[in-house]
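Please look over the structure shown below before reading the notes.

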Amino acid sequence: MASLRSSSVIGSVAYSSSCCSRRGTTRATINMPKLRTGGLSLRLPARDLVPEVLDMGPGLSAATTSHVEKKYESSTNRNSHSLGSNVSDPMVIAKLHAIMEAVADRVEMHQNIGEQRDNWNSLLLTSINAITLTAATMAGIAATSVGGPLLALKTSSTLMYLTATGMLVVMNQIQPSQLVEEQRNAARLFKQLHGRIQTTLSSGNTTSSDVEDAMKKVLALDKAYPLPLIGVMLEKFPETVEPAVWWPQHRQRQEKPMKRRDGNGWSVELEEEMREVVGVLKRKDTEDYLRLGKIALNVNKILSISGPLLTGIAACGTAFMGSSHGSWAAMVGVVAGAMASVVNTMEHGGQVGMVFEMYRSNAGFFRLMEETIESNLNEIDVERRENGELFEMKVALHLGRSLSGLKNLAAASSYASSEKGEAIEEFASKLF
């Protein structure tokens, strides 16, 4: 029966195809059985690849295993290196935060003490001038008096002159206006250090050397601008004028016998440019501010000696009033007292000590630039230097010049020294 059915089916298919071929059209219809997909699930047999690889032979298995191990080790090392380079040590970050808090506290302290010492300067100046002028007025009135009023007036005038003399000696010794300028500079420099530590933290790549560098800078600033007056106060009348130094000394790098190469933004032209800038800074800017500092120091010395000397002479003059030389004594007492008031106003009202400290700090600023440039130039390995283009821009900004102006300064200095054999008259800085 099955054979008969299959033959009949084949015959019918052949007959229909022959009929359709006559018309030039072929139609084929295949009816596939519908499958139920609801409960269909494919399960592949689990295969252990390791035994199969081992079964392939010892040579192939060893090569494949070593290749997989090397790939895994390289990826692990690469991941650990990237994590180590981008993630800082939490202890280093904590130390930098602690230093930053101490720096912020020092900024506040120096600002507060600076305001206090500025008040000292104004109050002491006003008080001493008031005492001196009152004593001179009393000496003038005593010159026209006799008897008891004369004795009372000349005694009061003498005591007031002696008091003014003692106060002037103390005031001239501590120089409040110079103390104020020291605190201003310290507050400004600590603010700069605070900003640099913040920049280091925000970079996300901090090391223990950053902590050591920040600590050295804090201690150097504490030494350069001390807060106490007794024992560690800066010398107000030094024998020689030296630039202020508020930075740790740069390490002297030993030059190695290796060939210098360009890179990291540095070139031969840039190195020559920086050397010329250093030469101009040394010959012109630093020397000029040291010269001005010496002038301010000498003027301050003369005024500091003249003030107490004049009040002392005035006190002696008022003490001899009423004697045979009473008229001359009265004149000395009044004139010397008035002159003492003028000298005191010129010294402390004009803040000559502050001017001296300003010149000393400016000379220190240029000395710092010289050491920074020389430190970069002495480093033979250019990769360990600061980026050359960035460094050139910083130098130009510190000097108040554009990049083209800095190049022109170096070119003019090089031409003057090589062709004319003399230094240029232009200063490197255009800020001050």
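What follows is a briefing on aromatic rings, charges over rings, helix packing and a few single residues. The model is a predicted one.

- Trp266 and Phe391 form a tilted aromatic pair, with 5.8 Å from centre to centre and 35 degrees between the planes.
- This pair links distant parts of the chain, since the two residues are 125 residues apart.
- Trp266 lies in the loop between helix H7 (208-224) and helix H8 (268-319), while Phe391 lies in helix H11 (residues 388-398).
- Trp266 has a relative accessible area of 4% and is therefore buried.
- Phe391 is buried as well, with a relative accessible area of 4%.

**The pair Tyr289 and Tyr359**

- Tyr289 and Tyr359 form an aromatic pair that is also tilted, at 5.9 Å centre to centre and 50 degrees between the planes.
- Tyr289 belongs to helix H8 and Tyr359 to helix H10 (residues 352-378), so the pair ties together parts of the chain that are 70 residues apart in sequence.
- Both Tyr289 and Tyr359 are buried.
- One aromatic cluster is formed by Tyr289, Tyr359, Phe365 and Phe366.

**Charges over rings**

- Arg385 lies over the face of Trp266, at 4.8 Å from the ring centre.

**Helix packing: H4 and H7**

- Two packed helices are described by the angle between their axes and the distance between the axes.
- H4 and H7 cross in a left-handed way.
- On the H4 side, the residues that meet H7 are Val92, Lys95, Leu96, Ile99, Val103 and Arg106.
- On the H7 side, the residues are Ser208, Asp210, Val211, Ala214, Met215, Val218 and Asp222.

**Helix packing: H10 and H11**

- H10 passes H11 in a left-handed crossing.
- Phe365, Met369, Thr372, Ile373 and Asn376 in H10 meet Phe391, Val395 and His398 in H11.

**Glu182 in helix H6**

- Glu182 is located in helix H6 (residues 176-203).
- Is Glu182 buried or exposed? With a relative accessible area of 1%, Glu182 is buried.
- Leaving out residues up to four places away in sequence, Glu182 touches Tyr225, Leu234, Lys236 and Glu357.

**Positive phi angles**

- Gln175 is not a glycine, yet Gln175 has a positive phi of about 50 degrees.
- Gln175 is placed in the loop between helix H5 (148-174) and H6.
- The relative accessibility of Gln175 is 0%, so Gln175 counts as buried.
- Asn264, likewise not a glycine, has a positive phi of about 55 degrees.
- The loop between H7 and H8 holds Asn264.
- Asn264 is partly exposed, with a relative accessible area of 22%.

**Val343 in helix H9**

- Val343 is found in helix H9 (residues 326-349).
- At 9% relative accessibility, Val343 is counted as buried.
- In sequence Val343 and Pro308 are 35 residues apart, and in space they are 9.5 Å apart, C-alpha to C-alpha.
- Which residues is Val343 in contact with, leaving aside its neighbours within four places in sequence? They are Leu303, Ser306, Gly307 and Leu310.

Note on methods. Residues numbered from 1 in each chain as written. Predicted model: local features only at pLDDT ≥ 70, side-chain atom pairs only at ≥ 80, totals over all residues. Heavy atoms only, no water. Phe/Tyr/Trp six-rings, centres within 6.5 Å; stacked < 30°, edge-to-face > 60°. Helix = DSSP H or I, 4+ residues; strand = E, 2+ residues; numbered from the N terminus. Buried < 20%, exposed > 50% of the residue type's maximum accessible area, 1.4 Å probe, protein only. Lys NZ or Arg CZ within 6 Å of the ring centre and 35° of its normal. Left-handed = near helix turned anticlockwise from the far one by under 90°. Contact = heavy atoms within 4.5 Å.
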